[in-house]
Amino acid sequence: MVENVMILVRSFSAFVFLLIITRILGKQTLSNMNFHEFVTAIVMGSIAANLAFNEKLQTIHLVISLAVFTGTSYLLSKIVVKKRKIRMWAEGTPTVIIENGKILDDNLRKNDLTIDTLNQMLRQKDIFDYSEIEYALLEINGKISVMKKKQHQNVTLKDLRKGSNASQKMPVELIMDGNLLEKNMKVNSIPLDWILEKLKARGKKVNDVFYAVKGTDGQLYIDFYKDKIQHPIDVE
């Protein structure tokens, strides 16, 4: 009887600990797991299971382990927000797997993705013909994102007004966290002067920019650190 009560108490404690940890680590853990969050979730699940049922291990040791992994994951999640190189190492980067209707088989193999799996992922997005695809990317959470060719996209009011049939290009990230992405600029032949002139026209510098991307229409879209939004909706 006593053993059953102890298991009940330990199981309830394990549940409460995991609930608190999930709350601490935040919404990102719930929505899109990356590499380090996936590893943390597996380890914490194992520790919580031992906390609930393994009476041979001392409770305090298991609680310490949970605290260490929680602290490590929390610290890393804060670091990757500020350091892009560490973020790329810890979380990985998206991979282009289809370009202009052509499958990039080398990228497919690097990510251990079979053509059958790719076809299934595309069908789930109601795409059955590769010729409809301008770009397809494998995201860091394992899902696929697709940009259809212009002629296969749903018509918007803007399209009706402009009557544009121009081909689209992949968006190019140019500035992130106040740092120029020089490799992206070089690969896409985007001159530094063009970016600096756009910023100068707004009275800003590179380190004032949180995120800047050259869109599919060739225009530069900029988000500054200080957007002068007085009352954000999500203040949590």
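This report describes a salt-bridge network and a surface patch in a predicted model.

## Basis of the model

Residues are numbered from 1 along each chain as its sequence is written, and side-chain values use heavy atoms, with hydrogens and water left out.

The structure holds 2 salt bridges, each defined as a side-chain nitrogen of Lys or Arg within 4 Å of a carboxyl oxygen of Asp or Glu. Asp105, Asp106 and Arg109 are linked by them in a network.

Arginine 109 meets aspartate 105 at 3.4 Å, N to O, and the two residues lie 4 apart in helix H6 (residues 105-110), about one turn of the helix; helices are DSSP runs (H or I, at least four residues) numbered from the N terminus. Between aspartate 106 and arginine 109 the closest N and O atoms are 2.5 Å apart, and these residues stand 3 apart in helix H6.

Arginine 109 is exposed, with a relative accessible area of 54%, whereas aspartate 106 is partly exposed at 46% (buried means under 20%, exposed over 50%, partly exposed in between, with a 1.4 Å probe and protein chains only).

## A nonpolar surface patch

Ile60, Ile64, Val68 and Phe69 form a nonpolar patch on the surface, with about 350 Å² of accessible area together, by the Shrake-Rupley method with a 1.4 Å probe, where for residues only the protein chains shown count as cover. Patch residues have over 30% relative accessible area and no salt bridge, with like charges joined within 9 Å and nonpolar side chains (Val, Leu, Ile, Met, Phe, Trp, Tyr) within 5 Å. Valine 68 is found in helix H4 (residues 59-82).

Technical notes
Predicted model: local features only at pLDDT ≥ 70, side-chain atom pairs only at ≥ 80, totals over all residues.
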